[in-house]
Structures are given as structure tokens and as C-alpha cells.
Amino acid sequence: MTLVWGACFVVIGWGLPDAPVLWFAALRALLAGVALVALGGVQHRPLPPDSRSWALIAVFGLVDVTAGLGAMFAGAAGAAKGTAAVLANAQPLLIVLPAWWFYRERPTRATTAALILGFAGLGLVASADGTSSGPWLSLGAAAAAAGGTLLARRLRHVDVLVASGWHLLLGGVVLAAWASATEGMPHIRWSPSFIAALAFLALAGTAATSVAWFTEARRARLDQLTAWTFLVPVVGLGLAAALLGERPTGRTLAGLGAVLVALWLTQRPRRTPAPPANPARRSAPDVAGNTAVPTARPAGPIRTVGDLRVQDVT
């Protein structure tokens, strides 16, 4: 998922000359939603059971797709692709406190340190791009993605493919209406490169990754899961440098380094107290009230059971 999402920022840059920003985002969401809804119909997957579920899916679509994709595309258009990749994936830093509040996933001290360090790194990256609105739109996209991940937990009772497809479709419809109101009728040049970019973004970068991501969001700790999106900027910056000739500034690299250290802090294994090496066995007192001293059992012969060597102690 992180490899595909990192590549998406470069692919967006390839497609933007052929389509308006919001219409490009709307087409991505609509194509991905149609593909997943059609697949769910072919597989006879159950639809959401009640109106409350449909309402949650609609809100899910407005937050994750309409706001999230719209801000991400606008941010990618207004900032360097590597910078946009870093800021649009600040979700791990924005989800820690809401996950603690809503789902009792209390952050550890390491996670808190990562939060502070990661925000400092993101501030360096954003400030390296001057005063343009692109970095802040990318941060808005990250906030919308965090809200979408939190809402995915509320839809555990709905088939994940169905929920993913309909939230993309409903959110894409609203995004298309927004694009129509602000950009007018779409003027799209359907070049081979644009069609290839749209197909990659919709099917690989949205449909497939949405199902995989929201499957994990239902069962994994959100702080540790979303921390993996810190790797997306590594891919985005690398591809932007290799394919688009973008050279990150020293400030951008310093900020990215801080973000990667934050990822390492969140993914370190948690320490648990080790059990005592040879715990003493508590002996029951005898009739006189004295505690019996345990004696060692005589070891029996070693025998083979399957592939195991077992020593009798009885």
C-alpha cells in the first residue's frame, strides 16, 4: 500500500495537465467506486442493513473522498510532489489523540514522543515550500484521511468491500458536483498517458488499497497501522526526484528524517516484563503447619515422541 500510494503523487502530476484538479479527483473516486460496487454485486455481497449504516457510509464518503481526495489533488497541484507526499500522509500524527478518545487506544510514551517529533518534521517540510497553499491543503487531506480511518471502525458490521465501494461512489458524486460548481464542465484531454494515470490511480491506488486499508483499520491499533504511511513520502520523494527532477531542499530532508524517526518510535516492540527464570514452586504446609521444602524430582529416561525428545519426570 505504501509503495502504491507513494507512486500516486507522481502519477497525479502526470495527469494534471490533461484535466482540471477537482474533476481529476472526482473521476478517480467514481471509477474506483463503480469497480468495487460492481464487484460486490457479482459476488452477491450483502448491502448495508439499515439507514444508519447508509448514513455512516455517506459521512464516510464526504470526509474521506470529497474532502480528502479533493484536498490531496489540490495540494499536489500547488506544491512540489515530494512535499505533498510528506504532508498528505501526516495521518499517523493526527489520529493518535482521537483514537485514544474514541477507542481507548492509549498512546505510549514512545508514541507521544513520535507525535511531537513528527509534527516538528512536518513543520519543517511545510515551511520549506514557502507561503503557497499547497502544503496546507495536503495537511487538510491528511486530517480527512484520519477521519475516514476512524469512521471505518464504526462500519465493522458492513462488508468492507461494499462499504469501500459505496463510500467512494457517494463521495465521488459530491466531489463531481463541487468540481462542476467551481471548474465548470470538464475539459479533459483523453490522452493515453491520462487514461493510464487514471486507471492506476482508481484501481490500484484507490479501489484495491481502500479495501486493504479499511480491513486492517477494523482490527489493528490505529496508531501503529497509520504509522506505516510515513513510508509513503520516502517513495514519493524518491520517485519525484528520479522521474520529475525535483530536488528536495535541506530543510525538507531534515523534516523527512524527523518523520522517519517518528515512525521508528511508533513501531518499536513494546517491552513486557520477563517472567522469572526459575520460579520457586510454593509448597503447601504439612499437618503440623510447617512448609515442606520442595525436593528435586528424579529425572527419568529420555524417549522420542515423533520429532521431540521427552524426558520423563514421574
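1. Contact here means heavy atoms within 4.5 Å. On that basis T209, leaving aside residues up to four places away in sequence, touches M1, V4, W5 and A204. T209 is found in helix α9, helices being DSSP runs of H or I with at least four residues, numbered from the N terminus. At 5% relative accessibility T209 counts as buried, a class that means under 20% relative accessible area, with exposed over 50% and partly exposed in between (1.4 Å probe, protein chains only).

2. On the basis of these remarks: this is a predicted model, in which local features need pLDDT of at least 70 and side-chain atom pairs count only at pLDDT 80 or more, while totals for chains, interfaces and linings use all residues. Residues are numbered from 1 along each chain as its sequence is written, and side-chain values use heavy atoms, with hydrogens and water left out.

3. A search of the whole structure finds 5 aromatic pairs, where rings of Phe, Tyr and Trp (its six-membered ring) pair if their centres lie within 6.5 Å, and planes under 30 degrees apart count as stacked, over 60 as edge-to-face and the rest as tilted. One of them joins W5 and W213 edge-to-face, at 5.3 Å centre to centre and 70 degrees between the planes. Because W5 lies in helix α1 (residues 2-15) and W213 in helix α9 (residues 192-217), this pair ties together parts that are 208 residues apart in sequence. Both W5 and W213 are buried.

4. The rings of W54 and W166 have centres 5.3 Å apart and planes at 80 degrees, so this pair too is edge-to-face. With W54 in helix α3 (residues 51-78) and W166 in helix α8 (residues 160-183), the pair ties together parts that are 112 residues apart in sequence. W54 counts as partly exposed at 29% relative accessibility, and W166 counts as partly exposed at 23%. Ring pairs also link F24, W190 and F194 into a cluster.

5. A backbone point to check is H44, whose phi is near 55 degrees, a positive value in a residue other than glycine. Most residues other than glycine have a negative phi. H44 is placed in the loop between α2 (21-42) and α3, and H44 is exposed, with a relative accessible area of 70%.

Technical notes. Helix = DSSP H or I, 4+ residues; strand = E, 2+ residues; numbered from the N terminus.
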